[in-house]
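Good morning, colleagues. Please take a moment to look at the sequence and the structure before we go through them together.

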Amino acid sequence: MALAAQGLAASRPTGRVDLRHLRRVFSRVGAVQIDPINVVERAHHLTLYSRLGPHERDLLWRAYQERRELMEYWAHAACFLPVEDYPLFRHRMQAARPWGEVQRLERGRPGYLEAVLEEVRRRGPLAADELEDPGERHTPYWSTGWTAGKLALEWLFVTGRLVVAERRGLVRRYDLPERVIPREYLEAPAPSRAEAQRRLLLRAARSLGVGTAADLAGYYMLPIKEARPAVEALAAEGSLDRVAVEGWREPAYRHPEAEAPRRVQATALLCPFDSLIWDRRRTARLFGFDYRAEIYTPAAKRTWGYYVFPFLVGEHLVGRVDLKADRPRRVLRVPGAFLEAGADAAAVVPALAEELRLMAGWLGLEGVEVGERGGLAGPLRRAQSGRAFH
């Protein structure tokens with residue numbers, strides 16, 4: 001059910017992938033996380049790739065910047081979202097409380113926030129370095145290198161007074177909501193906080209298939225104290241089904257439309273920010289897979305590697321694959337490949353070899369190079385065929 005809900009239970013599309021396929025992914029996952037790490041490819045493209053296979057990466061940008069079918073906001077984290085969900089996040093925008101850095105900025109430069117807003121209104125979409133007065137740099141732990149202008153733009157975005165109009169690489173350009181959000185969603189009545197959370201919990205249930213109250217709350221980062229009674233109310237009214245899952249300590253809830261496919265045909269490398277594995281505790285409960293991203297772990301203390309992809313075959317996570325796109329050498333490097341306990345290497349290796357070749361081609365690389373670390377490394381090298389697999 002979890003894999004079907006995430007759009008991972010069936011084979012990927014064959015033939016040309018178009019906007020209909022992209023819309024189907026968003027209807028399943030609800031939110032696609034944005035992350036700047038580019039050791040293989042940006043996380044949002046990788047999440048789409050795991051479900052769509054090779055496709056044109058500008059498909060996302062066409063839906064986002066040309067057709068205005070998508071928007072950016074803080075959902076699970078910074079995410080691309082269907083633009084029709086804009087009203088559901090208005091309560092979050094309105095309830096935002098100024099960060100300490102914003103309070104210091106307002107004290108040190110009274111009127112600066114309003115001046116930045118007025119400049120965007122006057123000039124149109126702007127990035128921080130395009131402001132007439134970008135200001136001095138601030139260095140809080142989570143925004144090292146931000147100028148005062150970037151801090152102002154981000155705060156205006158969080159509070160809904162600005163939205164992200166477009167991206168140029170990683171650079172956000174901000175504009176007024178009325179110039180970006182389609183009128184039907186901009187002017188739609190904003191539901192109350194309780195009603196918005198109710199709808200987001202239902203969306204989370206649809207995207208998870210089955211989950212505990214904490215699972216549902218965590219998908220859109222809703223406060224568990226408010227989510228738990230809301231989930232119970234949804235079950236009482238029949239919008240969710242109460243279920244028991246063997247081995248789970250807490251009661252669970254199933255979306256009425258959740259499918260239980262007879263077989264799962266998935267084969268996918270999941271990036272660390274894939275929505276299937278957002279909640280590491282739920283990942284352990286579902287798959288018996290203890291996963292921790294080691295991106296911020298010192299190299300000497302890493303067990304698996306820097307950017308490690310769980311490898312999904314059928315309905316099991318069968319391995320961990322550390323990947324790096326070596327663009328100057330035009331190869332997809334595999335510094336480490338590890339088999340999970342109980343998985344069959346004879347079945348995993350051919351599937352992984354093919355998946356790596358497919359991903360390398362999508363990335364515009366000419367081959368795959370396997371390192372020495374992990375029990376799958378040797379079998380992968382022996383499985384090489386042709387010049388594209390070293």
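At what angle do helix H3 and helix H14 pack, and how far apart are their axes? Before I answer, please note that this is a predicted model. Helix H3, residues 43–52, packs against helix H14, residues 345–362, at an angle of about 130°, and their axes are 12 Å apart. That angle makes H3 oblique to H14. The crossing in which H3 passes H14 is right-handed. On the H3 side, the residues that meet H14 are His45, Leu46 and Tyr49. Their counterparts in H14 are Glu355, Leu358, Met359 and Trp362. Sorted by class, this contact of H3 with H14 comprises five nonpolar residues, one polar and one charged.

In which order do the strands of the five-stranded open sheet stand? The order is S11-S12-S13-S14-S15, and the pairing is mixed. At the edges are strand S11, residues 267–269, and strand S15, residues 367–373, each of which pairs on one side only. On average, and ignoring direction, neighbouring strands of this sheet are turned by 30° against each other. Within the sheet, strand S13, residues 316–326, and strand S14, residues 331–339, run antiparallel and are joined by seven bridges.

How many strands does the open sheet with the order S1-S3-S2 have? There are three, and their pairing is antiparallel. Strand S1 (32–33) and strand S2 (70–74) are at the edges with a single partner strand each, so one side of each has no neighbour in the sheet. The pairing of S1 with strand S3, residues 78–82, is antiparallel and extends over two bridges. Here glutamine 33 is found opposite cysteine 79 of S3.

Which helix lies across S2 and S3? That is helix H4, residues 58–66, which runs at about 85° to S2. An aromatic pair also belongs to this region, and it is one of 15 aromatic pairs that the structure holds. Tryptophan 61 and phenylalanine 80 are edge-to-face, with 5.9 Å from centre to centre and 80° between the planes. Why does this pair tie together parts that are apart in sequence? Tryptophan 61 lies in helix H4 whereas phenylalanine 80 lies in strand S3, so the pair links parts that are 19 residues apart in sequence.

Two further helix pairs remain. Helix H10, residues 193–208, packs with helix H12, residues 224–236, at an angle of about 70°, and the axes are 10 Å apart. H10 is therefore roughly perpendicular to H12. Their crossing is right-handed. From H10, the contact involves Arg193, Gln197, Arg198, Leu201 and Leu202. From H12, Glu226, Ala227, Ala230, Val231 and Leu234 take part. By class, the contact of H10 with H12 counts six nonpolar residues, one polar and three charged.

Is the crossing of H6 and H8 left-handed or right-handed? H6 passes H8 in a left-handed crossing. The axes of helix H6, residues 100–108, and helix H8, residues 148–158, come within 10 Å and cross at roughly 115°. Glu101, Val102 and Leu105 of H6 make this contact with Ala148, Leu151, Ala152 and Trp155 of H8. In terms of class, the contact of H6 with H8 has six nonpolar residues, no polar ones and one charged.

Thank you for your attention.

How values were computed. Residues are numbered from 1 along each chain as its sequence is written. This is a predicted model: local features need pLDDT of at least 70, side-chain atom pairs count only at pLDDT 80 or more; totals for chains, interfaces and linings use all residues. Side-chain values use heavy atoms; hydrogens and water are left out. Two strands pair if DSSP finds at least two bridges between them. Helices (H or I, at least four residues) and strands (E, at least two) are DSSP runs, numbered from the N terminus. Contact means heavy atoms within 4.5 Å. Axes are lines fitted to C-alpha atoms, for helices over the stretch in contact, and angles run from 0 to 180 degrees between N-to-C directions. Angles under 35 degrees count as roughly parallel, over 145 as roughly antiparallel, 65 to 115 as roughly perpendicular and the rest as oblique. A crossing is left-handed if the near helix is turned anticlockwise from the far one by less than a right angle, and right-handed if clockwise. Ala, Val, Leu, Ile, Met, Phe, Trp, Tyr, Cys and Pro count as nonpolar, Asp, Glu, Lys and Arg as charged, and the others, Gly among them, as polar. Rings of Phe, Tyr and Trp (its six-membered ring) pair if their centres lie within 6.5 Å; planes under 30 degrees apart count as stacked, over 60 as edge-to-face and the rest as tilted.
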